[in-house]
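User: Can you walk me through this model? Keep it short, please.

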Amino acid sequence: MKTLEINALSKRYGERLALDSLSFTVPPGEIFGFVGSNGAGKTTTMRIAVGVLRADEGDVRYGGAPVDVHTSARFGYMPEERGLYPKMTVAKHLVYLGRLHGLSTKDARAAMLRWTERLHLSERRDSAIDALSLGNRQRVQLAAALVHDPDVLILDEPFSGLDPLAVQDMAQVIKEKAADGAPVLFSSHQLDLVERLCDRVGVVREGRLAACGSLDVLHSAGPARLFLQVDGARADWPDRCAAVAAYEAHEDGILVELAAGHDENDLLRAAVDQGRVRRMAWQRPTLTEMFRDLIEPAEPAEGAVR
Ligand SMILES: Nc1ncnc2c1ncn2[C@@H]1O[C@H](COP(=O)(O)OP(=O)(O)O)[C@@H](O)[C@H]1O
Ligand SMILES: [Mg+2]
């Protein structure tokens, strides 16, 4: 298995610059989470990576060589707009896609049986696609991306609209593919899932990579705050505490940002005077907290209700 490289991609749609020299790499066996708000450029990047769209500048490489039709045939792609034939049965659909990817009918049928079993679709093999629940349709989409046993997985919002059980299955399969050595790139705006699943994360905003790195690195780059729980204290005591630059209620206590020149001992001393200190701990921000500003649209979409 080889590294997938996204190399300085730029893409314009008319006046609109959708990608602005975007680069990142996904080594073999890595799960790379691609996050960003609507319109950030995730789908455009993935469509270029699998070769259904051309970049204006930059290229995509796999194992150092530019991706062409032969390499991209070894990619498994789950598009955002679900391209299933609604009247076909699940089994026919998957066999057909396997054949399209060059499998013999026999191998395509074996792969269909294997993946429908693995994704808990065995009972739905003879159902038409349009008779399936949304969750099951997503499972078929994933099976469709996997049926030819691809070397690379590129999944565009694979978790959107899934029920919790389907999320589990999807996450499990992604992990297995990565454990087999495939680079896995998936997009999501659900940061909790990204946090659970990914080795590295890239945050895209307006076609540029706003942040990229391992979760550990991204976490340690975020501002740490102190969680503090003080029983019997007046709720507004931090307002009068010199060690507190800012604070907010959090669970059964408060999260404190220390004022410059103060440390946790200053805060603790002040807290002890206010009541009984039950708990004090450093807390790293979650991805959702760190990237709230990056992920949420800067302005509400036209007509959107806040
Ligand atoms: N076919 C298209 N024609 C014109 N503009 C497009 C087209 N596809 C995407 N865009 C624009 O490109 C930008 C990036 O879109 P997209 O890659 O779909 O973002 P994301 O997947 O992160 O939501 C958006 O501003 C979007 O409106
Ligand atoms: Mg998209």
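Analyst: Here is a quick tour by topic. This is a predicted model: local features need pLDDT of at least 70, side-chain atom pairs count only at pLDDT 80 or more, and totals for chains, interfaces and linings use all residues. Residues are numbered from 1 along each chain as its sequence is written, while chains are lettered from A and ligands numbered from 1 in the order in which they are written.

User: Which domains is the protein divided into?
Analyst: Domain 1 covers 4–218 and domain 2 covers 223–283. Those bounds come from an automatic or database domain assignment. The two centres, taken over C-alpha atoms, are 44 Å apart.

User: Next, the ligand. Which residues are around ligand 1?
Analyst: Y13, R16, A18, G36, N38, G39, A40, G41, K42, T43 and T44. A residue counts as near if its C-beta atom, placed from the backbone, lies within 6 Å of the molecule.

User: Which elements give two or more residues to that shell?
Analyst: Strand 2 (16–26) and helix 1 (42–49). Helix 1 gives the most, with three residues. Helices (H or I, at least four residues) and strands (E, at least two) are DSSP runs, numbered from the N terminus.

User: How do the shell residues divide into nonpolar, polar and charged?
Analyst: Three are nonpolar, six polar and two charged. Ala, Val, Leu, Ile, Met, Phe, Trp, Tyr, Cys and Pro count as nonpolar; Asp, Glu, Lys and Arg as charged; the others, Gly among them, as polar.

User: Back to helix 1. Which of its residues are buried?
Analyst: K42, T44, T45, M46, I48 and A49. With six of its eight residues buried, helix 1 is largely enclosed by the rest of the structure. Buried means 20 or more other C-beta atoms, placed from the backbone, within 10 Å of the residue's own. Just after helix 1, G51 has a positive phi of about 85 degrees.

User: What order do the strands of the open sheet take?
Analyst: The order of the six strands is 6-7-8-3-9-10, with mixed pairing. Strands pair if DSSP finds at least two bridges between them. Strand 6 (75–78) and strand 10 (208–214) are the edges, each pairing on one side only.

User: In what sense do strands 7 and 8 pair, parallel or antiparallel?
Analyst: Parallel, over three bridges. I154 stands opposite L185 in strand 8.

User: Which strands does helix 1 touch?
Analyst: Helix 1 packs on the sheet, touching strand 3 (31–35), strand 7, strand 8 and strand 9 (200–205). Contact means C-beta atoms, placed from the backbone, within 7 Å.

Notes. A residue is buried if 20 or more other C-beta atoms lie within 10 Å of its own, exposed if 12 or fewer, and partly exposed in between; C-beta atoms are placed from the backbone. Two residues are in contact if their C-beta atoms, placed from the backbone, lie within 7 Å. Axes are lines fitted to C-alpha atoms, for helices over the stretch in contact, and angles run from 0 to 180 degrees between N-to-C directions.
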